[in-house]
Amino acid sequence: MPEPDVKSILITGASAGIGKATAQLFLEQGWTVGLLARRGGALAEMAASHPNAHALECNVTDHEAVDAAFDKFVEAAGRLDVLFNNAGRGAFPATIDEISPETWLSVVNVNLNGMFWCARAAFRHMRQQSPQGGRIINNGSISAMTPRPGATPYNATKHAVTGLTKSLALDGRPYSIACSQIDIGNAATEMTVRMAKGVPQADGSLKPEPTMAVEDVASSVLHMANLPLEANILSMTVMATNMPFVGRG
């Protein structure tokens, strides 16, 4: 079990992209890190080189598996200080009449239901542990405020994340549980490679968009996580400076 002064964080979607970069930064900073994702091989590879890393192969849409993964991590780490609720997915651009029920349900199950199951498990541990409390950081999106065209499932779920965040921030007050939302725009990951070639804009055009280093997102999450529980960044927007968000459309 880690020393009492070593903080712990569980990161969902930790096998790639924002989750992986964030996990690597927290490990470098000496945190005990739970790596949760579906791709167990990638998690095992990461954990093999870090004694403070714990691989947790899990599908966030399975609430029983989520509960078991959180229980396993807390048993190893001693407590849960922070959850970075990061796992998410999108879908191919389409108007609503072109979106299949399967696509809609798949996005909702990961982006909303999965985030709910993970927040639920984290809240339970944070409420019951001693000292009581912790922090939940939900990965929202620029699309939680300003939608992209042709992305109804993603836009709808990310708007819902804002409601989840505010509810948790309110309900967590009696238990010293803070909840935050980080809205990320155009971090350079596998999901944003296509932006260099051009993505649909609100005026119907197709234009390339700038991106920012994923490490800058990770450092923003670290800043939020390091705050004392008496302080909370309820909402943070971190974005590529020149992306078409302010004034989109």
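A pocket, as the word is used here, is an open set of grid points with protein on both sides within 12 Å along at least five of seven lines. This is a predicted model, and the second largest pocket in the model has a volume of about 230 Å³. Its lining takes in 14 residues, and those nearest the centre are Lys7, Arg79, Asp81, Gly134 and Leu229. Sorted by type, the lining of this second largest pocket has 7 nonpolar, 3 polar and 4 charged residues.

Now for the greasy parts. In soluble globular proteins, nonpolar side chains tend to be buried together. Here the largest nonpolar core holds 38 residues, and Val33, Leu35 and Ile182 are the ones touching the most other members. Strands E1 (8-12), E2 (32-37), E4 (82-85), E6 (177-185) and E9 (235-239) each give two or more residues to this core, and so do helices H1 (17-28), H2 (40-48) and H6 (214-225). H6 supplies the largest share, with 7 residues.

What does valine 33 contact, leaving aside its neighbours within four places in sequence? The list is Ile9, Ile11, Ala23, Phe26, Leu27, Asn52, Ala53, His54 and Phe73.

How many disulfides does the model have? The count comes to 0. Take cysteine 58 and cysteine 118: the sulfur of cysteine 58 has its closest cysteine sulfur in cysteine 118, but at 6.6 Å that is too far for a bond. A disulfide needs the two sulfur atoms within 2.5 Å. Seen from the other end, the closest cysteine sulfur to cysteine 118 is the one in cysteine 58, again 6.6 Å away. Both of these cysteines turn up in the table below, along with a few other residues worth a look.

| Residue | Relative accessible area | Class |
|---|---|---|
| Cysteine 58 | 5% | buried |
| Cysteine 118 | 1% | buried |
| Threonine 165 | 1% | buried |
| Asparagine 232 | 33% | partly exposed |
| Serine 176 | 37% | partly exposed |

Threonine 165 sits in helix H5 (residues 152-171). Is threonine 165 buried or exposed? With a relative accessible area of 1%, threonine 165 is buried, because the cut-off for buried is under 20%. Beyond its neighbours within four places in sequence, threonine 165 is in contact with Asn138, Cys179, Ser180, Gln181 and Leu234.

Asparagine 232 belongs to the loop between H6 and E9. Setting aside neighbours within four places in sequence, asparagine 232 is in contact with Arg135, Ala178, Cys179, Ser180 and Leu227. Cys179 and Ser180 are therefore on the contact lists of both threonine 165 and asparagine 232. As for serine 15, 217 residues away along the chain from asparagine 232, the two C-alpha atoms are separated by 27 Å.

Most residues other than glycine have a negative phi, and most peptide bonds are trans. Two spots are worth checking against that.

Which residues does a cis peptide bond join? They are serine 130 and proline 131, with omega at about 0°. Proline 131 is in the loop between helix H4 (101-128) and strand E5 (134-139).

Serine 176 lies in the loop between H5 and E6, and at 37% relative accessibility it counts as partly exposed.

Technical notes
Residues numbered from 1 in each chain as written. Predicted model: local features only at pLDDT ≥ 70, side-chain atom pairs only at ≥ 80, totals over all residues. Heavy atoms only, no water. Core = buried A, V, L, I, M, F, W, Y, C linked by side-chain atoms within 4.5 Å. Buried < 20%, exposed > 50% of the residue type's maximum accessible area, 1.4 Å probe, protein only. Helix = DSSP H or I, 4+ residues; strand = E, 2+ residues; numbered from the N terminus. Contact = heavy atoms within 4.5 Å. 1 Å grid on protein atoms, 1.4 Å probe; cavity = no way out; pocket = protein on both sides within 12 Å on 5 of 7 lines; lining within 4 Å. Points joined across faces, edges and corners; volume = space filled by probe spheres on them. Nonpolar A, V, L, I, M, F, W, Y, C, P; charged D, E, K, R; others polar.
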